[in-house]
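Open the model in your viewer and keep the selection panel at hand. The stops below say what to pick and what is there.

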Amino acid sequence: MPDEPGTAGLDKSRAQTDDAHLHRDWSTSAALGLCALSLIVYVLCSESVDTFCREFARLAGKL
Amino acid sequence: MQTISIISLASIGIAWSWALRTGYRWALACGVRERVDALALGCVLPTAGLVFSVHVTGIFALLSGAPAVTPPGIAAILLLVTWLSNKVILAQMPPEDTSSNRELLSPRVELGIWWVPVLVVMGMYAVFLVDALTRYPTGFDALSYHLPLAVQWTQNGSMDLTFLGVFHMSFPGNGSIIPMLLVFAKLERLLPVVHFPNAILLGLVAYGLARAIRVSPRGAVVASVMALTVPMVVFQSFSGYIDLYAAVFSLVSLLALVWTSRATDPLQVRWLIAMAGLSAGVALGAKLTYLVLVVLLALVVLSLNRLRNRSVQIRYRPLRAVALFAAAALVCSGFWFVRNTVQAGNPFYPLAVKVGGHELLPGIDLGALLCDRPLTSRITRSLSYPWSEPKAPGYNYGVNSGFGAAYAAFVPVGLFWSLGLVLFRRPRDELDKWRIVYLLIVLSGIVLLVTAFWAIVRYALPFVVLSIPLATVMMDRMIARFRRASLILVTASLLVTVSIATLRPAKFFLGRARDHHWDRASFYEVPRLIDRLPPGTRILNVASVSTTYPLLGRFLSNKVVTVEDELPSAEFLRAQAIEYIYTRKPWPDTLLDGLDVQLIYDDTDTRLLKTTPPTRVYRVTSQGRSTGAADPPAT
């Protein structure tokens, strides 16, 4: 249950602890890198992107 | 339309709005102190009330044989249900608990530059909305059975099994109830947007579910935006498919259970479990696959004592809670099981019930129809699906396919993050425990996808959506630590999805504008004579199953009998008093043997769109009402 507006269950001491932890958090950087990599993999491997590019090129060719 | 029908439909609208207000106050009275959550949970009462009212008329029609499923009947019961629930619910709660002015804990969301992804998504929905409001309903399943079912109920005044047409029409049909009301109201042009409100509700639920596991308001907005850009969600919002409807209400049920664990009063606990059960019943009554999710939710109910806030000293009997949940679920789904038991001897009809290879109750083995891939193939396909999104043939984004770039970029990594938290950190409070519950449900969904769901991704839609709030636990941290990089990555991934998704509706809209295909017959590429047949004309459809809905005509007044595999006998046609036969190439020549028919329409040489197969329409001249009557002009 959120304790007060905006804290969503975090009491102040816990929020401060988490903030302190945040600054030496290597895992967040790694997660961001993995997410960026995932997006690149999606763009390169997804059949949706491939189909979109072909259909877009076909429409552009018609115009 | 008769005056009584207009008054009745207006009464249904008024009762629905009244029930929504009561539902919102009910949620507040149950201790739901986040405005977004109260709004989402407030939708349960009007939806469940409407479903229950229609079911009561359906039961009456089933037992009496009278056409009881009519707007006046539904309106009368819905008004009664709303009045009773208003009286009962609010009478049991202290007035200060139900006041909409009480202090809510909804925080002010400072979005700042995060308005950019929100605006990107709103732009995408605007394109879809323009397309949907200028066309007729689409979607293979919708045109084949969801919408024809709604029309059939209005024509027959009952929801009885007819054993005609495709077997899918015998499945539970809660998802066809609101379309049925639109058909009653002659508002066919609103059918393409009938599930758009469910997308809005999904956005609210995704926000609420994210907040429930300690995600910040900004992170919860990102969860909501990501859920709304899953291509399956977007496309289903503007089609007649019912998976989104069922998925949303199953997740609303979970949200109600989250608040159950925070309730401070035994009455609040009972009401919230009932609310969760009603919502789960709406989902189960829309699609049988939700039986699995309802069982998972029942297990959550069974564990509620362990998930409660330790500061709250309420304990209750788990089995009694499960019984209440199941009873409430049956209120909104029991009708279908009763109907199918009475009429087909099998509550799960048209599915066969098998135990150890023996068929206990008759029906169809759906697994044999759908399962065309070996298990290993389903596993590799499902696990690589977020990045590969294979689909052949057709466009890759649609009602049944596509998770989107944002999902592929963030959710798998976010799920591993949550798994790491669960494995390496002891849960500190009930919020952490709920994160474990989410994770277990999502993992169950992955197992179900490759086994019971035959790798059909839309069956796993609620699990797909639930994984997004779970992943935003990681994103929340990422947004706080790398604000600009996170914004760029989220916006870029959303732009990829939005570009791919909007190409289709934009292309179709511009194509219709170029060819001036605004009328129904042009849109569905069926002969205009179909729209001019007298009400009640019986047509046999031996073309595609998805032509069933277009053949109902612009007044949705034709009666269409569709056959799928075997051609019906001449005796069947006579028994069904078929007056017209609609065929497309390849022609079913043997069908016409022994029948006195006259070819009245053939566009083999005249059709404009050469990609559409040639069409022929025959008039059966030896029997039926059309004998001797003039045919409408065959243009």
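## First stop: a buried proline

With 23 C-beta neighbours inside 10 Å, Pro46(B) counts as buried (20 or more other C-beta atoms within 10 Å; exposed is 12 or fewer, partly exposed in between; C-beta atoms are placed from the backbone). This is a predicted model, in which local features need pLDDT of at least 70 and side-chain atom pairs count only at pLDDT 80 or more, while totals for chains, interfaces and linings use all residues. Residues are numbered from 1 along each chain as its sequence is written, and chains are lettered from A and ligands numbered from 1 in the order in which they are written.

Stay on Pro46(B), which sits in helix H3 (residues 44-64) of chain B. Helices (H or I, at least four residues) and strands (E, at least two) are DSSP runs, numbered from the N terminus. Now show Trp16(B), Ala19(B), Leu20(B) and Gly23(B): Pro46(B) touches these, not counting residues up to four places away in sequence. Contact here is C-beta atoms, placed from the backbone, within 7 Å. Leu20(B) is 26 residues from Pro46(B) along the chain, with 5.4 Å between their C-alpha atoms.

## The core

Which residues have the most contacts inside the largest nonpolar core? Select Leu202(B), Val205(B), Val252(B), Leu255(B) and Val465(B); the core has 203 residues. Such a core is a set of buried Ala, Val, Leu, Ile, Met, Phe, Trp, Tyr and Cys residues joined through C-beta atoms within 7 Å. Helix H12 (residues 243-260) of chain B gives the most to this core, 14 residues. Both domain 1 (3-95 + 113-486) and domain 2 (521-620) of chain B contribute residues, so the core lies between them.

Zoom in on Leu202(B). Its contacts, leaving aside neighbours within four places in sequence, include Ala227(B), Val248(B) and Val465(B).

## Between the domains

Colour chain B by domain; the bounds come from an automatic or database domain assignment. The centres of domain 1 and domain 2 of chain B, taken over C-alpha atoms, are 36 Å apart. Domain 1 of chain B puts 15 residues into the contact and domain 2 of chain B puts in 14. On the domain 1 side, helix H7 (residues 140-156) of chain B has the largest share, 7 residues.

## The sheet and a hairpin

Select strands S3 to S7 of chain B. These 5 strands form an open, mixed sheet in the order S4-S3-S5-S7-S6; two strands pair if DSSP finds at least two bridges between them. Strand S4 (559-562) and strand S6 (597-602) of chain B are at the edges with a single partner strand each, so one side of each has no neighbour in the sheet. Strands S3 (residues 538-541) and S5 (residues 580-584) of chain B run parallel, joined by 3 bridges. Leu540(B) has Ile581(B) as its bridge partner in S5(B).

Move to S1(B) and S2(B), a hairpin with 2 residues between the strands. Gly356(B) in the turn has a positive phi of about 60°. Val355(B) stands opposite His358(B) in S2(B).

## Last stop: chain A

Chain A has 3 helices and 0 strands. Of its 63 residues, 22% count as buried.

Note on methods
Two residues are in contact if their C-beta atoms, placed from the backbone, lie within 7 Å.
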